[in-house]
Amino acid sequence: MPKILVIAEHDDGQLKLATLSAMGFAHKVCAEAGGAYDVLILGESISAAAELLRGYGAASVLVADYAALKEPLADKYAHVIDEVARAQNATLVVGAASTFSKDVLPRAAALLDAGMISDVIEVRPEGGDFIFKRVMFAGNVIATVKLAGALKFLTVRSAAFAPPPKAAGASPITPVAVDAGKLPSQIEYVGREAKVAGRPDSTEARVVVSGGRALKNAADFERLIGGLADVLGGAVGSSRALVDSGITPNSLQVGQTGKIVAPDLYIAVGISGAIQHMAGMKDTKVIVAINKDPEAPIFEVADYGLVGDVYQIVPELMARLKK
Ligand SMILES: Cc1cc2nc3c(=O)[nH]c(=O)nc-3n(C[C@H](O)[C@H](O)[C@H](O)COP(=O)(O)OP(=O)(O)OC[C@H]3O[C@@H](n4cnc5c(N)ncnc54)[C@H](O)[C@@H]3O)c2cc1C
């Protein structure tokens, strides 16, 4: 029977909601194939985040709370995951498909000589093993794969797995003993540039408003895209065209080489809908596109389309929404 270890993700103690999707994957596997799952959270001063992980049916919430783990350095985190996966006799180690997981999980898999697949959107138990479906080639191909070996690592797309239902009986918090002196130290933490804006992260937000080449400068982007996002309490995103022209920072880019988002509502403002952009947002529940070209490819995936000039439509939309 599977023994699953879910790796929780947080930003300085703020739990990332995508963790609940990884737990949703574990819950689904256990419901269909038996077994149990634990959640491991690493960091410093993470008791509040650990508390939020309880009550979702995990056998236990394993907490590695150490000053040496304050920053998510991949060499140290992979070392701890390696030790915990061995101690728990894990057969599946799961994280949300994210930058954090891309950095940390393959290292841990390598330490354990385990295979790994990313961007899983479906799982089916079969003959004591599992069949996975995963997204490839910017979302243009869905591959059906099996992974060899008794221990498997994977990341899951958050849009594909709902959080587990709240379960009676809280999962106990279990501290993980870590010998800080034995942690690897190849990577040195130098500093971090955190964004100052009070807006949510596009990978976590329920609403994302993204702007494309139609926006002529940074001031217009902030007024129209930032303004609409603020009215809706959402996050902002950008096409690569605006990043390349220096109007928006790289951190806002949505798409194949940017962030993968899956909000309830995605508003694409003056974005043509290139496949590389759509690879990052087509798992959205409801897509709204605003574009002056009725033939723009974005309308092929949009649930609602507005044909017109963004400089006219967006202020009107904001005024009506404010009412
Ligand atoms: C390897 C690779 C990776 C890539 N990765 C990404 C990625 O991660 N994310 C990404 O976004 N792109 C990515 N791209 C780039 C991608 O191919 C497109 O070039 C880019 O997405 C186009 O951005 P855009 O839609 O803003 O601009 P355009 O394609 O120029 O579209 C602008 C749209 O705005 C409309 N418009 C113009 N003015 C107005 C107006 N006043 N009112 C209303 N509508 C207006 C136009 O009709 C047009 O449809 C990648 C490309 C490559 C080759």
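Okay, housekeeping. Residues count from 1 along each chain as its sequence is written. Since the model is predicted, local features need pLDDT of at least 70 and side-chain atom pairs pLDDT 80 or more, while totals for chains, interfaces and linings use all residues.

Domains, then. The assignment, automatic or from a database, gives domain 1 (3–182) and domain 2 (207–322). Their centres, over C-alpha atoms, sit 32 Å apart. In the contact (C-beta atoms, placed from the backbone, within 7 Å), domain 1 puts in 7 residues and domain 2 puts in 8.

Now the core. By nonpolar core I mean buried Ala, Val, Leu, Ile, Met, Phe, Trp, Tyr and Cys joined through C-beta atoms within 7 Å; buried means 20 or more other C-beta atoms within 10 Å of the residue's own, again placed from the backbone. The largest one has 97 residues, and Val 6, Leu 40, Ile 41 and Val 269 touch the most other members. Helix α1 (residues 18–33) is the top contributor, giving 8 residues; helices here are DSSP runs of H or I, at least four residues, and strands are E runs of at least two. Leu 40, leaving out residues up to four places away in sequence, touches Leu 5, Ile 7, Ala 8, Leu 62, Ala 64, Ile 81 and Val 84.

Last stop, α4. Its buried residues include Phe 100, Val 104 and Leu 105, and the buried set packs against β1 (3–7), α3 (74–87), β6 (92–96), β7 (115–126) and β10 (152–156). After α4 comes Asp 113, with a positive phi near 55 degrees.

Conventions. A residue is buried if 20 or more other C-beta atoms lie within 10 Å of its own, exposed if 12 or fewer, and partly exposed in between; C-beta atoms are placed from the backbone. Two residues are in contact if their C-beta atoms, placed from the backbone, lie within 7 Å.
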